Amino acid sequence: HPRRGRPGAGPLKAPSQPSSGRNPEEALSKAGEFLERALRVDPTSRAALQQMGELRLEQHDLAEARQRLREILTLNEEPIEAGADPVAVRAERAEQNARARMTLAKVESTGGDHPKALEILAPVIEGQPGNLEALSIKARILELQGRMEEALEALEVVARVGDQAQDQASMLGSRLERSRLFQKMGDKAAAIQELQKARTVAEKSGDIKSVVLVTHLINRLEE
């Protein structure tokens, strides 16, 4: 089934958003301290490990981000405890692994190893072909590699899966991204065509602000 949310992160929430009077760096530092305390209490907390990985990626500490995310994958290889529901545990682990792999792919791509990022991401898309976030990450990595046609194809899959899931945001976003890539490739006509498709999506969803925005983009390209 198509996936629109963030699987496997769990209920733990670090105070990562800046509060009034606190700069973003301080807020990230406080969030890191919170997660470190959580991991001292429970070093096997997949939720804390995932959020720590995401936080360290945001701070560009790729080594620790990579370490924390790989800990999740390693922990989920351990035997299922006696008395636990194996079906439920396997499903939960699959979600956690998908979340960890998607973030880990971003880590490797940020570090410049795009082939490794795609290799890490591949099992997620194979196991969850409707995972819109994984498909979008793949498209971005392909673009960074200069594989524009493949990136466009990946975004078309996002649009198609988004349509099946009635996920208007994914449909709109993928059309806008395809338009941006076509502009980058110098194909103005194809870029306009994608924007027209995006406007249709916005009109069908009753999103007037997006209709106005996309119309403005079309007019600019047609000038």
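Visitor: What do the buried residues of H6 pack against?

Guide: In this predicted model, the buried residues of H6 pack against H4, helix H5 (114-127), helix H7 (148-164) and H8. Among these buried residues are Leu132, Leu135, Ile137 and Glu143.

Visitor: How do you know that the span of H6 is close to the expected one?

Guide: Helix H6, residues 132-144, reaches 19 Å from its first C-alpha to its last, and 18 Å is expected at 1.5 Å a residue for its 13 residues.

Visitor: What makes Asn131 a cap of H6?

Guide: A side-chain oxygen of Asn131 lies 3.2 Å from the backbone nitrogen of Glu133, at the N-terminal end of H6. After H6 comes Gly146, with a positive phi near 80°.

Visitor: Why is Arg178 called buried?

Guide: Arg178 has a relative accessible area of 10%, and buried means under 20%; therefore Arg178 is buried. This residue is found in helix H8, residues 168-184.

Visitor: What makes the pairing of Arg178 and Glu194 a polar contact?

Guide: The side chains of Arg178 and Glu194 are joined at 3.1 Å, and the cut-off is 3.5 Å. Leaving aside neighbours within four places in sequence, Arg178 is also in contact with residues including Leu152, Glu153, Leu155 and Glu156.

Visitor: What covers the buried residues of H3?

Guide: The cover includes helix H1 (24-41), helix H2 (46-58) and helix H4 (86-110). Leu62, Arg68 and Leu75 are among the buried residues of H3.

Note on methods: Residues numbered from 1 in each chain as written. Predicted model: local features only at pLDDT ≥ 70, side-chain atom pairs only at ≥ 80, totals over all residues. Heavy atoms only, no water. Buried < 20%, exposed > 50% of the residue type's maximum accessible area, 1.4 Å probe, protein only. Helix = DSSP H or I, 4+ residues; strand = E, 2+ residues; numbered from the N terminus. Contact = heavy atoms within 4.5 Å. Polar contact = N/O pair within 3.5 Å; in protein donor to acceptor, adjacent residues only side chain to side chain. Expected span 1.5 Å × (residues − 1).
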